[in-house]
Amino acid sequence: MVHQQRSEPHLSPSSDTEDMVMSLAPRLAYFAGVARTEHVTRAAQEMNVPQSTLSRAMVRLERDLGVDLFARRGRTVSLTPAGRTFLTSVERALAEVGKAADEVRADADAATGKVAFGFLHTMGAETVPGLIHAFRADHPRVRFSLVQNYGEAMIERLRTGELDLCLTSPVPDAPDLVARRLDEQKLRLVVPADHRLAARRRVRLAEAADETFVTLEPGYGLRRITDDLCKEAGFRPRVAFEGEEAETLRGLVAAGLGVALLPPPAVARPGVVELTVTSPRAAREIGVAWLDGHPDTPPVAAFKKFLLSRRGNLLPT
């Protein structure tokens, strides 16, 4: 028997690739089963589908491709050269689909699943490690994919599905997000140890109006809060440096480059004095955010519930 390329394929050569894939995909597992057994009846039994359904699927698959994949002798079949070539790629594709299915099932498993969690740089030294440690006391095998970044970047990752939840400040207010306030963190005016204000315990922010500031870059929530507080105090800060890490700013304050508004450090740093700001009220809200309408897997739901239970007790004392 001589097998030739079919002259009238169901899908024209100009068909979109997406249309071709949608047409072929449902029949690829059937094809692999028939190719493995080289017998339509046996393949139908193994896959628990009617033999007639399997036979029609193979005929349509060949018609859509415009190529003979099998040489037929009754109910026994053997692969043509084109069929062997096609089988190699089909088995690889099915293996990838199976791998992807295993991965998403594993990520959604209540006991061993994964949570993609984002948090601010200033939350990384103590707050987040403490939260994860406490959560894993009851969920020891839940896995975390962690992202440390500034607020706006994490919000974008929520929207693209890269993150399930994020701790951020200020608490976002957007129609596509759900956000809950969890805690409040007081900010301090950090000055060099030999600064004119260093002997004080409290200070009004207006008293620093003539100082040079070191701040986080624009786009960071803490930078926005700094600018807003200075504006409320009646001045616009003169900025000598814009960075990405609060502890870098503390180091620059210690070096005498300027002053900074920062949350409390995880570990006290020598060379600086941290003053309570009495006016205006200097604090930032910390909240958790997630994408509205986005379904939670069991591990994400459990961690979200845990975070919400820490309202008012999120930050280390």
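Predicted model: local features only at pLDDT ≥ 70, side-chain atom pairs only at ≥ 80, totals over all residues.
Visitor: What should I know about the numbering and the model first?
Guide: Residues are numbered from 1 along each chain as its sequence is written. Local features need pLDDT of at least 70, side-chain atom pairs count only at pLDDT 80 or more, and totals for chains, interfaces and linings use all residues, while side-chain values use heavy atoms, leaving out hydrogens and water.

Visitor: Are H2 and H5 parallel, antiparallel, perpendicular or oblique to each other?
Guide: Helix H2 (residues 28-37) and helix H5 (residues 81-108) have axes 10 Å apart and pack at an angle of about 120°. Angles under 35 degrees count as roughly parallel, over 145 as roughly antiparallel, 65 to 115 as roughly perpendicular and the rest as oblique. The two helices are therefore oblique.

Visitor: Is Arg250 buried or exposed?
Guide: Arg250 lies in helix H9 (residues 246-254). Buried means under 20% relative accessible area, and exposed over 50%. At 1% relative accessibility, Arg250 is therefore buried.

Visitor: Which element gives the most to the largest nonpolar core?
Guide: This core has 36 residues, and Phe144 is among those that touch the most other members. Strand E5 (165-168) and strand E13 (283-291) are among the elements giving two or more residues. With five residues, the top contributor is E13.

Technical notes. Axes fitted to C-alpha atoms, helices over the stretch in contact; angles between N-to-C directions. Helix = DSSP H or I, 4+ residues; strand = E, 2+ residues; numbered from the N terminus. Buried < 20%, exposed > 50% of the residue type's maximum accessible area, 1.4 Å probe, protein only. Core = buried A, V, L, I, M, F, W, Y, C linked by side-chain atoms within 4.5 Å.
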